[in-house]
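Trainee: I'm new to this one and would like to go through it bit by bit. Can you take my questions as they come?

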Amino acid sequence: MATISESVRKRDHLAKLSGTALYVGDYRDDDILVGKMLRSSKAKARVIKVKVPTLPDGYYYVDAKDVPGDNNVNIIKDDTPVFARETVEYIGEPIGMFCGPDKLVVEQLLKDTEVVYEELEPVLDIDKSDVFFFEYEYKKGDIAKAFAEADRVIEETFETGYQEQVYLETQAMMAEVLPDGKVYIHGSMQCPYYIKNAATRALGLPPEKVRIAQDVTGGGFGGKEAWPSILSCQVAVAAVATGKKIRCVFDRREDIEYTSKRHPSKDRYRVAIKDGRVTAMDIDITYNGGAYTTLSAVVLQRGMICANGVYNVPNLLVKGRVAKTNTVPNGAFRGFGAPQTFFTAEMMMTHVAKALGEDPLAFKERHMVVQGDSTSTSGKFHFNVPLPAMIAKVDSMCDYRKKKAAYSKPQTGRYRRGIGMSLFFHGAGFTGSAERDLIKAVVKLKKTADGNVHILASNTDMGQGLRTTFPKIAAHELGLPLERIYYEYPDTDEVPDSGPTVASRSLMNVGELIRRAAVKLKEQWVDGEEQLIEEHYVQPDFLIPFSLDTFSGDAYPTYSWGVVAMEIEADTVSGTTKVLGAYGSYDVGTPMDYNIVLGQMEGGTLQSIGYASMEQMNYDNKGRIRNNAFSDYIIPTAMDVPKMDIDLYVAESYPFGPYGAKGAGELPCVGAPAAYIEAMEQALGDDVMIQHIPFSAEDALKAMRGGQL
């Protein structure tokens, strides 16, 4: 193991363990007003009038008329309002905000407010939507010829459901107007400069008049990528309108019911087979975007890019769209569009293998890409594809091939077992040339006269450990004790824009900028003097230029790889399932801290087990999220953690990441659902074909009784 990989105590360990870490909800100040949203009770309606009760002294109501700038939150498209316009587009859309010193009084004001609506007909089902926010298409090879020459064509449709991020700390933000007129916004976030850009637009202020700072953040998983931009604009507008400090902290039910989630999807796959090989895939993908666009464009792009999985399919036609519905807007979630299509691609390959009478793993191994192969978008896999060695590792962990054969024999009795394996990757960094053309990351190292070094970057630690791993990189390169390197929660008044904390980019791209800056600082070091070193992102020369118009070129500079096996036992009486073991090999290049990365892999694997099995969520016939509390939205707990054997596969490092590091955070959320479902199919009987997740105990009972899934 590389020296840099040796684990150290996380920088925020003691503060969080002792309870001294200061979250936005922990600020104690009698002048802070509580903010609570007045939300739409209709999925689609015209707002005729809001009848606000008489406000006691010190209480306020703000809405769209109080927005001093643009009443649109800058995300990708400017369609999400700060506060509702003439119409509301989903249940829970903020119409306005009540603010006051006493939470109970604010809540009573909400109850006493009457909103007069003219109800309109909502669209809740993606199959009934005729409004598409985004549509893309790309081709590779000769799809028509491949299907014309096929020995066999197999077609299936798969569906995936919602998934809620369930971060430990709910959405929470605070704003105030400082004495110099600057608007100061701080709270729980992933992307300070996203918020700064949104707030300057909404407030109609120049950038120098808006300051954003991250407080200690209790988890994000993508849910705090875009939504804090919305909430920040709302609390900032209220602070400007009232001249008071405003804090809004969602309760758990509010957070689950009204904030963005993983996009549900419906994917149709047509597969051409010739001489026992898959020669073509015709893929049609629809994601449910909800009421507004948020980040759906790039979620769909990533899902489409990996729609054929890890397989070398010479002929591809991939179409995708995001449908508008009058349901809660969906957005970023760990894996960012890839878990939906990787589930589908893996299960499609499994089902094709079964239809041909072949072992699924052997069939997949014959189709896997290798280094030098063309990607789905006619780019290139420039670096090592370690899947064969990783498959062998997972096989050795759990006797996969032996158990697969044993469980394929007829099983009797109440408890029946199955095992499945999934192969997957995750593109590291932003899609295409976005790092070069849009993000343009900048990092600074500031050396003080006493020889301490401060890392200045805008990337946030939300539990994944950047406040530990970034200093490790600088300390390693400078040859300094870790105690002399500082990385604080970012404040846009202090740090440059090094890009958002998303897309598995922070360590690979920003970490490498820190390493390069540290090299320069070491060369230029002068004792007793303050020094400032600045480093800018430069795109590697080897990349094949990516065009979003044609979906062609290198979508990512490199890929992190994963192989996961799931062994399960199904109870034929209750339909419940026990995961007997989860076995994974993950290639993220050189880990910057072994324990931190191992924790990421274990947590992501468990999160994806929940996605595949128990995390049931849907909306009712009015468009309201039904599963809005921990009593009916069930996530894995410590009691659900199976035997877990995780291997960090390190063979060939990535030359453009620090010491060989690649993207890590999202990878473990991508592949496990397909392994779980393949295992379920084997346990329930080889004639069972599962085409949706989550797959519940009720679904298992239906399958065993021959019912429609």
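Trainee: Leaving out residues up to four places away in sequence, which residues does Met566 touch?

Mentor: Bear in mind that this is a predicted model, where local features need pLDDT of at least 70, side-chain atom pairs count only at pLDDT 80 or more, and totals for chains, interfaces and linings use all residues. Residues are numbered from 1 along each chain as its sequence is written, and side-chain values use heavy atoms, with hydrogens and water left out. Touching, or contact, means heavy atoms within 4.5 Å. On that basis the partners of Met566 are Gly418, Ile419, Gly420, Val579, Gly581, Ala582, Thr605, Ile609, Ala672, Ala675, Tyr676 and Ala679.

Trainee: And in the largest nonpolar core, which residues touch the most other members?

Mentor: A nonpolar core is a set of buried Ala, Val, Leu, Ile, Met, Phe, Trp, Tyr and Cys residues joined through side-chain atoms within 4.5 Å. Buried means under 20% relative accessible area, against over 50% for exposed and partly exposed in between, using a 1.4 Å probe and protein chains only. Out of 154 residues in the largest core, the ones you want are Met97, Ile185, Met281, Met421, Trp561, Met566 and Leu684.

Trainee: Is Ile455 buried or exposed?

Mentor: You'll find Ile455 in strand S18, residues 453-456; helices (H or I, at least four residues) and strands (E, at least two) are DSSP runs, numbered from the N terminus. Leaving aside neighbours within four places in sequence, Ile455 contacts Lys444, Leu445, Phe470, Pro471, Ala474, Ile485, Tyr486, Tyr487 and Ile514. Since its relative accessible area is 3%, Ile455 is buried.

Trainee: How far apart in space are Ile455 and Phe470?

Mentor: In sequence, they're 15 residues apart. Going C-alpha to C-alpha, the spacing of Ile455 and Phe470 is 7.9 Å.

Trainee: What is the phi of Ala503?

Mentor: Look in the loop between strand S19 (485-486) and helix H14 (506-524), where Ala503 sits. Ala503 is buried, at 14% relative accessible area. Although Ala503 isn't a glycine, its phi is positive, about 65°.

Trainee: How do H15 and H16 pack: what angle do they make?

Mentor: Two packed helices are described by the angle between their axes and the distance between the axes. The axes are lines fitted to C-alpha atoms, for helices over the stretch in contact, and angles run from 0 to 180 degrees between N-to-C directions. For H15 (residues 594-612) and H16 (residues 672-684), the axes are 8 Å apart and the angle is about 50°.

Trainee: What does that make H15 relative to H16?

Mentor: Under 35 degrees counts as roughly parallel, over 145 as roughly antiparallel, 65 to 115 as roughly perpendicular and the rest as oblique. Thr605, Ser608, Tyr611 and Ala612 in H15 meet Ala672, Pro673, Tyr676 and Ile677 in H16. With that angle, H15 is to H16 oblique.

Trainee: Last one: which residue does a cis peptide bond join to Ile693?

Mentor: Omega there is about 0°.
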